[in-house]
Amino acid sequence: MTSTKFLPADYTQNLSSTSFSYASPSNIALIKYWGKQGIQIPKNPSISFTLDTCRTTTTLHFEKRDNYKEDFEVKVILDGKHKPGFEAKIHQFFSRILQYMPFVKEYKFIVETTNSFPHSSGIASSASGFSAIALCLMEMEREMQPGLTDTYFTQKASFIARLGSGSGCRSLEGPLVVWGEHSEIEGSSDIYGVSYPYEVHENFKDFQDAILLVDQGEKQVSSTVGHNLMHNHPYAESRFNQAHENLAKLIPILKNGDLDSFIHIVESEALTLHAMMLTSSPYFILMKPNTLKIIEEIWEYRRETGIPLCFTLDAGANVHVLFPKNYKNEVQDFIKSSLSEYCQNNRYIFDSVGTGAIKL
Ligand code: DP6
């Protein structure tokens, strides 16, 4: 699969709109993306559940510039406040997408954005944020080049989101999205995410994700630094192979609803991600003591009740607790009564698996 299919044809129409808005969700990986090469090409395939209520809502306002200028013109407004700090990131993103969307030079933009999850909650907003911007930019392209198919629209939006943030390419659709070529997943690609194409058992429909906010501070390791840790990492190659194997194992599990095997793979992936950070140079411990306490409590609760809940982690201390919908009441009670004390300011978010981005 080459990126050339996303080079634009000549734009035939002028834009009549002045803005587009999208609400795009966050996602939580079951098989983790950790390590990339070139421009945002993953070293291994990953799969994630798309979330529902953790979303970024973005309105992209645009206006034609009078003269050609060398640089991009973007202003970022987050929760009503001008955030010049985010603009460098958008400039980098625009320079990456320029050959696929040359019009980004011809307009001045205001990116007006809000997150449904609390600011500084430690939840990464880059996936939801870049997927929302990518979709707004695709709407611009569709007006200038009518007749784009829905498939092309979604694939290119995911391709563009990936150039902002890798995991962002998994946030457009739901409930399960694969990114990265895998021999057993038809249509899978390194350059955009695809909806998981095979049968998914009832057990995994409407899966729940409770996000326990153990550490709401700034990320200790930025994603760029983190992914770079996999270059020359002593265990890199076996980790990348393991991700391929784990994804292959997940296909029959997702079909037959085997929750025990699902738990085994998901927890192992989370711990492996952290093991990669523990064993890289420089090395990092991103879990906090309360992360471990929560994991122990989850294991004890699972042993005692037989309820098939499990945890996963991002590159940080927060814990995602995943469980089937029919245990919602019990698990939410357990979280409130036993796990919330390990969360900073007792904060947690109850979310569930969703179906992807929405045009507003
Ligand atoms: C640990 O997508 O944030 O959450 O491509 O540099 O933006 P960039 O990285 P990012 O990495 C996410 C890593 C992860 C695992 C995952 O979501 O698969």
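Here is a short chat about the labels used for this predicted model.

Me: What should I keep in mind about the model before we start?
Reply: It's a predicted model, so local features need pLDDT of at least 70 and side-chain atom pairs count only at pLDDT 80 or more, while totals for chains, interfaces and linings use all residues. Residues are numbered from 1 along each chain as its sequence is written, and side-chain values use heavy atoms, with hydrogens and water left out.

Me: Why is Val-178 called buried?
Reply: Buried means under 20% relative accessible area, exposed over 50%, and partly exposed in between (1.4 Å probe, protein chains only). Val-178 has a relative accessible area of 0%, so it is buried. You'll find Val-178 in strand S8 (residues 176-179); strands are DSSP runs of E with at least two residues, helices are runs of H or I with at least four, and both are numbered from the N terminus.

Me: What makes Ser-128 buried or exposed?
Reply: Its relative accessibility is 0%, so Ser-128 counts as buried. Ser-128 is found in helix H2 (residues 126-144).

Me: How do you know that the side chain of Ser-128 makes a polar contact with Ser-125?
Reply: A polar contact is a pair of N or O atoms within 3.5 Å; within protein, one must be able to donate a hydrogen and the other to accept it, and residues adjacent in sequence count only if both atoms are side-chain atoms. The side chain of Ser-128 reaches the backbone oxygen of Ser-125 at 3.3 Å, so the pair passes the distance cut-off.

Me: What makes Gln-40 and Asp-79 stand out in phi?
Reply: Most residues other than glycine have a negative phi. Phi of Gln-40 is near 60° and phi of Asp-79 is near 50°, both positive values in residues other than glycine. Gln-40 lies in the loop between strand S2 (36-37) and strand S3 (41-42), and Asp-79 in the loop between strand S5 (73-78) and strand S6 (81-82).

Me: Why do Gln-40 and Asp-79 get their accessibility labels?
Reply: Gln-40 has 3% relative accessibility, so it counts as buried. Asp-79 has a relative accessible area of 40%, so it is partly exposed.

Me: Where are the cis peptide bonds that join Gly-174 to Pro-175 and Ser-281 to Pro-282?
Reply: Omega is about -5° for Gly-174 and Pro-175, and Pro-175 is in the loop between helix H3 (150-164) and S8. For Ser-281 and Pro-282, omega is about 0°; Pro-282 lies in the loop between helix H6 (259-278) and helix H7 (289-305).
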